Amino acid sequence: DNAILSIRTSIGQDGAKTWEKDTKTHQQRRIALDEATVTLLKAYRQQCDGQAKQFGRKLVTHGRLFSSSVDHSTWLRPDSIGQRYRRMCTKLGWDMNIHQLRHYSATELISSGVDARTVAGRLGHGGGGATTLRVYSAWVAEADQRAAGNLGARMPTPPVTIEPTGAPLAVTEERDDAAGSPYRKIAADLQGAITSGALRPGDQLPTVADLASRYGVAAGTAQRALTQLRSARLISVSRGRRAIVTEHLTRAGDERIAEVVPLPRSPQSNGDFRPQP
């Protein structure tokens, strides 16, 4: 409910033996989560709760989020997670391991302007950021809440639509080519503003956060709309700056870009603008 992940302990492993122990830095830490991640975790938890009820069980109050037991009372073996991730990467043709996700997270956050101390806190590095700076050099000051939003915006949009219905969240498949996809709606609106001349070359587009708030979608969905416009060469995007409209020239024989003009005034309109026959 608070969009916060609390990390209090870690799991050690020696062969088949596992045990719960203190964290590497012997300190607890709290990490802010983005909206899309929280929503997916809620849907996952409800799915686990439904599976437990099928076996006449219920989730343990202080159980594990990820578990192989029906009631989530036990933890997963650390090496099993790494093995699953490697198998997935092999199927996708990637040569990487799960530990590299830490490097991905750190470089994305630092490059987007999050300060080293905040990144160190999210990674669990000690030394107040000294370890982070030894591995990752460039950084500028920001806050942890922005870290969550930036990371969520850079992740692909989840391939599901999750809508609160008062009952458990409904998870439905969303086809990428669906005409009614939220990101396509945003992209179409912005493209219409550009081609109509409402947004002219050099004008700045709303920020990802503003678009997400205006359309009631996740930041990743708004980012995906901007990516589509960028692929169509209607906008240009540079790191750390707002997207701007590019010079778009029509080809010979194409329709001219429409101009926004007021409708002629009708004598019987009482001040309203109405089209004349």
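**A close look, starting with the cysteines**

Modeller: Cysteine 48 is buried, with a relative accessible area of 6%. Here "buried" means under 20% relative accessible area, "exposed" means over 50%, and "partly exposed" is what lies in between (with a 1.4 Å probe, protein chains only). Before we go on, keep in mind that this is a predicted model, where local features need pLDDT of at least 70 and side-chain atom pairs count only at pLDDT 80 or more, while totals for chains, interfaces and linings use all residues. Residues are numbered from 1 along each chain as its sequence is written, and side-chain values use heavy atoms, with hydrogens and water left out.

A search of the whole structure turns up zero disulfides, a disulfide being a pair of cysteine sulfur atoms within 2.5 Å.

Now a quick step back to the whole chain. It has 277 residues, and 28% of them count as buried. You'll find nine helices and eight strands in it; these are DSSP runs numbered from the N terminus (helices are H or I, at least four residues; strands are E, at least two). Take the contacts (heavy atoms within 4.5 Å) between residues at least 6 apart in sequence: 51% of those join residues at least 24 apart.

The part I'd zoom in on is helix H9, residues 219–231, and its partners. Helix H8 (residues 208–215) packs against H9 at an angle of about 115 degrees, with the two axes 8 Å apart. That makes H8 roughly perpendicular to H9. The axes are lines fitted to C-alpha atoms, for helices over the stretch in contact, and the angles run from 0 to 180 degrees between N-to-C directions. As for the labels, under 35 degrees is roughly parallel, over 145 roughly antiparallel, 65 to 115 roughly perpendicular, and the rest oblique. The crossing of H8 with H9 is right-handed; that word applies if the near helix is turned clockwise from the far one by less than a right angle, and left-handed if anticlockwise.

Which residues do the touching? On the H8 side they are Val208, Leu211 and Ala212, and in H9 they meet Ala219, Ala222, Gln223 and Leu226. Sorted by class, that contact has six nonpolar residues, one polar and no charged. In this sorting, Ala, Val, Leu, Ile, Met, Phe, Trp, Tyr, Cys and Pro are nonpolar, Asp, Glu, Lys and Arg are charged, and the others, Gly among them, are polar.

H9 has another partner in helix H7, residues 182–196, and their axes come within 8 Å and cross at roughly 50 degrees. H7 and H9 are therefore oblique to each other. H7 also passes H9 in a right-handed crossing. The H7 residues involved are Pro182, Tyr183, Arg184, Ile186, Ala187, Leu190 and Gln191, which meet Thr221, Ala222, Arg224, Ala225, Leu226, Gln228 and Leu229 of H9.

Follow the chain on from H9 and you get to arginine 233, in the loop between H9 and strand S7 (235–236). Most residues other than glycine have a negative phi. Arginine 233 is exposed, with a relative accessible area of 70%. Histidine 72 is another non-glycine with a positive phi, about 60 degrees. Histidine 72 sits in the loop between helix H1 (35–54) and helix H2 (78–92), but this one is buried, with a relative accessible area of 8%.
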